[in-house]
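Visitor: Please take me closely through one part of this model, the place where the two chains meet.

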Amino acid sequence: MDATLRVNELSKSFGSKKVVDGISFEVNQGDILGLLGPNGAGKTTAIRMIMGILSPGSGEINFNFNGKTSSMDKSRIGYLPEERGLYDDARVLDTLIYLAVLKGTPRKEAIRQAMEWLDKFQLASYAQHKLEKLSKGMQQKVQFIATVLHQPEVVMLDEPFSGLDPLNQELFKQFIRELQQKGCTILLSAHQMNLVEELCEKIFMINQGKQVLYGSLTEIKSRHPEHLVTLVFPEAEDSSFLKHEPGVSILKQDIKEITLRYTGANNINELLQKLASRVSLEEITVQKPPLHDIFVQTVKNRGETIEDASYIQRA
Amino acid sequence: MKTPAISSVLKVARWEFVKNIKSPVFLVLTFVVPLIMVIVGGIGFFAERMSSEEELSLGVADSTEEFFTYLEAHLEGAPLNLTPVEKSTEHFKEMIQEEDLDAILLVEAEGIETGNMPLYMEDVRDVNLGEAKSVIDNAVVSYRMEQKGLDPGEIQAATSPVNLETRTVTGEEPEMVDFIVPLVAGMALIFSVLFSGQILMYGVIKEKRNRVVEILLSSISSLELMLGKIAGFGALSLCQIGIWLGSGVIVIFSFAVMPPIPLTIGQVILPVLFFIFGFLMLSSIFAAVGATMKEAEGGSQAQGMVILIPMVPIFLATPLLMEPNALWARILSHVPPFIPTTVLLRMGGTTLPLWEVASTLVVLLLSTVLFIYLGARIFEGTILQYDRPVGLKDLQVMFGKKKG
């Protein structure tokens, strides 16, 4: 199947600083690709280049609409920028119509679609209000409507959940899924890893402009050699032998519970069998580390650094 | 840079026009500011008229004992009240106060001969001589002539004023409209750029500040956005001028201030062309400057500097109108940012040769295209720089180096 969006060796520098460094990825029709990375990793610059807002330094960006390859057709793409903003002194409906008309939607159709979407977000009664009169959450919804009103085939969502309360995060998730079900191809940049894991089939992780990890969520997790193991004992047990097991590092230890990281060369099953033979266990949980930890660990293993300190602390 | 799509330009232009024509800033600039200007101008006009119509009370201390009658004979309805007073300079102050005089003219035979006649006032700043000087002048000239033996009929014939009937070499009488239209277009250009250009620049700064620009650029190119804005504000400006001209015409016809002036396309086309291209060029500079600003405060400082561009020829208006064909005026007419205003002012002072109209128009056209292109480049290169204003270094990077 031809990918709807294909990015090949994309690079961009600002002055002497290379902000995006030869990244390549593909998104198939109806897929959601999660673009992940700390602040300043190059996500927004990459999205702006894909949107044609910034011109690439080098590399190619190709779209495939109905079997035809084209470099850019802005009318078929929706964009929710990280830096939110609309005309605060203009009416909600007027703004939505203007933005849809700019994308090539006929005025009458734009009015109909705008009212439908406003109704869906329970904002129909605010259609004639100036945007400045709306709450921040309502403004975010209007911005989302502006992104999808012209029925785009590809949607770029840059940090769509930032600033939203949990209830609205759920609502946005629901609408993103609806878009996907309609066949829309979505590129989603976000730092809420749990939300990304819920929504995305494929992940592209970026740090300092370079690709760190790329593939399906399952692939990325299975490729990562690390396991997090939680052991719960029925009563106090002597588990000191674990400290000497190769590849084991204890993360947390209570009288009846231990959490450890296993990065050994042997299969995890061998460690579990050994455990079962040495101590009595009430509960064993084995899981792959969260995406965030995988990202930070991979960057460390490559001998690179993460510029955003707050991002490392989340690990 | 890709060729802009006209439909996108028109969509932006329509939005800017509809959005801004209802804005309080536009309404204030279109109706309130000109009204204030008319009121202030009207007050000045009427004050001057009232002061010129005010009668001057002039005491005459005549030692010749005949000049007073000459003066009376030359009053011819001038607002001047003559009172004979004693020739006693030490009592002039009391006389002025007691007789309620504005001034006292001391007339002596020697003064009439040499032309040096003392005029005493309590405070020279309080007295407007108005027509008094010409009345005294005429009376002195007549008196001198009569002293030389000329009779009154000969004196009247010798002093009757000359009326210069100006004509072109082809024999046509010069038309007022040839002077007025370019000057009106020049003033309209200044006001349009001052008013619409200001809203345009703040609009760009605002779009940058509230981040709308990123959404717009995800639909259209920076060149289309910039052209659309300039076109929208151009239409807004024409609408504004239409309102002013319309109001002016109504006032002229209603109060019969002056007779209607017949206009031909030939008299209007060149000033209008210079106005349109001048507006486009200056607006592109305003939009580009707005794109480099972070906040409106910075914009207002920069605007003060940019506004000087069309104003420079205005500071030189008098020499431009007096010497429209001077070498410096011709050079200034070919320096891009000053072309429209300089040429329009010169057109008010002379008929420019065809080659000069053509050369200035060509330079204006080329520089308009160049400024729009440069403006769009700056617009594109700096509009996403939200966190700080754009410096010279940024512009150097933008134009000096290849894209990253």
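Guide: Chain A and chain B bury about 2,600 Å² between them, 59% of it on carbon and sulfur atoms, where buried area is the accessible area (1.4 Å probe) that two parts lose on being put together, summed over both. Of the area that chain A buries against chain B, 26% is supplied by Y87(A), Y98(A) and L102(A), more than any other three residues. This is a predicted model, in which local features need pLDDT of at least 70 and side-chain atom pairs count only at pLDDT 80 or more, while totals for chains, interfaces and linings use all residues. Residues are numbered from 1 along each chain as its sequence is written, chains are lettered from A in the order in which they are written, and side-chain values use heavy atoms, with hydrogens and water left out.

Counted by contact (heavy atoms within 4.5 Å), 32 residues of chain A meet 23 residues of chain B. Three salt bridges are counted between the chains, each being a side-chain nitrogen of Lys or Arg within 4 Å of a carboxyl oxygen of Asp or Glu; K206(B) forms one with D89(A), the closest N and O atoms being 3.1 Å apart. On the side of chain A that touches chain B, the elements giving two or more residues are β1 (5–14) and α2 (92–102) of chain A, as DSSP runs (helices H or I, at least four residues; strands E, at least two) numbered from the N terminus. The largest share of that side, six residues, comes from α2(A).
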